[in-house]
Amino acid sequence: MKSLLKMTSLVLLGCVLSGAASAAEIDLRLAPSHADAMIENFNPYNISGPASYVQDFAYEPLWINNVWHADKDFPALATSYDIATDLKSVTYHLRPGTKWSDGVDFTADDVVFTYNYAKAHPDYAVGLDFYSAKDDTGSLTGIEKIDDHTVKFDLIRPNSLAHIDIGSLFPLPQHVWKDVTDPANFANKTVVGTGPWTEIKEFSRNSFKLCRNPQYRDNATNKIDCLQFPQLSDNNQVIAALSKGDLDWATDGITDPDKTFTPKSPDNHYWLPADAGTNLQLNTSKAPFNNLEFRKAMSMAIDRQTLLDVATFGLTTAAKYPIGEGMFYKDWIDDKALQPYAYLMEYNPDAAKKVLDAAGFVDKDGDGWRDEPDGKPIAFKMAVPAGWDDWVNTLQTISENLQDIGINAKMETPEESAWMDNIPTGNFDVYIMWTELSATPWGTYHPMFNPLWMKPGTLRNESMHQMRIPAIEADLNDITATVDPAVQKAKTTDVMVQVAQNLPVITLFSNPGWYEYSTRNFTGWPTKENPWARPMSPAGIHERVKVALSLVPVQH
Amino acid sequence: MLFLLRRLGFYLAAFFVAITLNFFIPRWMPGDPTTRIVLSLRGKIKPEQIEAIKKAYGYSGSLLDQYWLYLQRLSHFDFGISTVNFPAPTSDLLFYAAGWTLFLVGVATALSFGIGIVMGIYSAWHRGGFFDSVFTPVNVMLNAFTPAVVALLLWYAFSLEWALFPLGRAHDIDLTPGWDFNSAVNIAWHATLPVISIVLVNFGAWHLGMRNTMINLLNEDFVVLAKAKGLPDRRIRYRYVARNAILPQITSLALSMGYVLGGAFITEVVLNYPGLGKFTLNAIEARDYSFIQAQLLLLTGSVLIANLASDILNVIFDPRLRTGSRH
């Protein structure tokens, strides 16, 4: 009986569908994160998976920074923002007429609510940097509603760049969240957002769809009915699904793509633009890394061309200067100022040996390895998680390079969680580490040189080196104290020069940004020739919603 | 009766030790479930927030307090919340995954046992013949393969190069599994590669075991007598010899379950099959304590129950174990 009913309803559905001619649903299938099973959790600030599905697509931020083209940002829930002349507040003008997907108006009250709600629930990290008087850290002191469509964020001290962090706040609908008492454990099974896709459909452990928000302002131009997130649990599966036509957009690591990926289908494409830098974080709180000459010799002893071509499969991009970052901020790089330090990036083992000899790092006990000037033997370990193949190869090569000039350096490969967990402790010699990218170099150097994150026990991945450079700290402060681009650029150049002079980290190369796509169902993807926005799709790349909206469905 | 009570007491003690170890072993590993959350927030988080997150997930307070809470929850069959698949209750996912593993292991074991036994009977009967001298060594060799290698090779060959079989999953994305023909076909199609990869490394053991036992039995007096009586070959082969030879195979079938499960775990990971192995690996990597605990509990529970069942069966079948009975 039941199946008969099902049959009849299917037949009826068929009639309805055929009645509405060419109503085929257009789905974009993407895999922004790996999962073993889909879970009914759509809380935008639960980072284990939900964030990658509902941030940007269902919940919009105030403002989308176009990290590649700072002059072509994308307004989102705010149409514009003003930085106060004293740089102590930022005012956002919210988009009038915006509705949440359940039809309720979006207003300044929602933004104010989100701010206060996050402050009241410290276990629910929304990424706002609240000021804390206790240790004088953070920046935000309060929020004011000017009118229904204007809010002002107050800062403790002048900061011309505060809008970069504030703009990526995803406001929550007050009428839904005011009744939620335990937000960290709230699964938010019904999404109420303002983004293009908010309706959860066809949920199963295998996949689910996020479909059109009936209230979305640009529904007329949005060609995609639903985003579909299929369950895929590792890189191999994602790339295989893309080759097979089961996926349109991926953001996974890939090796030797010209052999393993593009020949599989004429629709398979990839582009791996230079992304975050990769550095060696040296523990400069102890010998021999507290010696500048030793750090210089290390930098010169590394055969970076082999790292690029062999260790990292030719997918990484060369870094030109020892500035703790690759060429990601190329518009900010002052070649004339940095040229004198380019030699530190060139493979020159003989020069490295001379530097070590001159600084007194010679083999004193006759065991074949160089010792410290006071005779203490040098032996250290460089750590990378087991299984991170490109970086394992990288450290393998570097340890051979260092051994060639008489430094007893070895690689160790702890398990990933153990490696991560050890970061704050400061209990290490050398780590290979990524950098943080932002819309301006300030966002990279600030975490790298923030003294708050240099105390063992609370170290951050970017500041593991623990070297305080007061001139850099002053420059970074000066950058936020002005809106004058010329001053910002001059100060940024000074920061880069200081890094090159002091070498708190050893610059290696830029990692690729992982971006693979199929033209089977959609065209209009960002390409090397038309790099208008970052095309990677994990959580945190807010431009991804703009990329999704720009795609053109292929007529089959 | 006393024997059974003694065994029962032993199992209860063993169970308590197991749930205690289940609690402490995951916590002895370096790292905890909040590490990843903190790292992925890229420093936009303060120490008091980290504490608050730990508290929200139930990982604050002393280890002893947590242990007490764990025992209390366990007594209500509350396995807690999974942190990897937050905030799904651990038991939901555990039973979802265990169902697929049970299906996979059940089908694969039945097939490898069946195939192995039939091949064993045939090669014992025609020992030294062409079939025996080719398949016996080949199957023994297959049996020495590790499940990881077999699964990877099959995946590469039949899912990637010649895309005959689907890329993992227990069924198509758009299918809601039910008790109908479509679902059955779809699920069977998706289970083909995982089942084959488990069967390939397992059936050789049954082939060899069956063949060896059969060959021993073939020289027994009752077989000679049966032949002398002029019974047909078929009858001797199946009713006399095979029937006796299969008994020790059934005993070792129970013992082999652990090995088969281990192999299935690896197969699931390689072929993206949504079973226990896949979920457990990820849970260990992300330090999802409650899932690791629940999964270990399920395994220890089933091993203890299997042992208890075999004890009870032994008492029933072996009169010597029954104290107080008439001798």
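Let me begin with A:W197, which is found in strand 8 of chain A, residues 197-201. Please keep in mind throughout that this is a predicted model.

Is A:W197 buried or exposed? A:W197 is buried, because 29 other C-beta atoms lie within 10 Å, and the threshold for that class is 20 or more. Which residues does A:W197 contact, once neighbours within four places in sequence are left aside? The list comprises A:F57 and A:A58, then A:L210, A:C211, A:R212 and A:N213, and finally A:C226 and A:L227. For a sense of distance within the chain, consider A:I398, which is 201 residues away from A:W197 along the chain. The C-alpha atoms of A:W197 and A:I398 are separated by 47 Å.

Let us take A:A301 as an example. Not counting residues up to four places away in sequence, A:A301 touches A:P349 and A:A352, together with A:N401, A:L402 and A:I405.

Chain B has 12 helices and 0 strands, and its pattern along the sequence accordingly reads α-α-α-α-α-α-α-α-α-α-α-α. Of the 327 residues in chain B, 35% are buried. As for contacts in chain B with a separation of 6 or more, 72% are between residues 24 or more positions apart.

Finally, I would like to examine one helix pair in chain B. Helix 5 of chain B covers residues 90-125, and helix 6 of chain B covers residues 130-143. Their axes come within 9 Å and cross at roughly 140 degrees. Helix 5 of chain B is therefore oblique to helix 6 of chain B. The crossing of these two helices is left-handed. Which residues make the contact? Helix 5 of chain B contributes B:M119, B:Y122 and B:S123. From helix 6 of chain B come B:F131, B:D132, B:F135, B:T136 and B:N139. Sorted by class, the contact between helix 5 and helix 6 of chain B has 4 nonpolar, 3 polar and 1 charged residues.

Definitions and conventions: Residues numbered from 1 in each chain as written. Chains lettered and ligands numbered in written order. Predicted model: local features only at pLDDT ≥ 70, side-chain atom pairs only at ≥ 80, totals over all residues. Contact = placed C-beta atoms within 7 Å. Axes fitted to C-alpha atoms, helices over the stretch in contact; angles between N-to-C directions. Helix = DSSP H or I, 4+ residues; strand = E, 2+ residues; numbered from the N terminus. Parallel < 35°, antiparallel > 145°, perpendicular 65-115°, else oblique. Left-handed = near helix turned anticlockwise from the far one by under 90°. Nonpolar A, V, L, I, M, F, W, Y, C, P; charged D, E, K, R; others polar. Buried ≥ 20, exposed ≤ 12 C-beta atoms within 10 Å, placed from the backbone.
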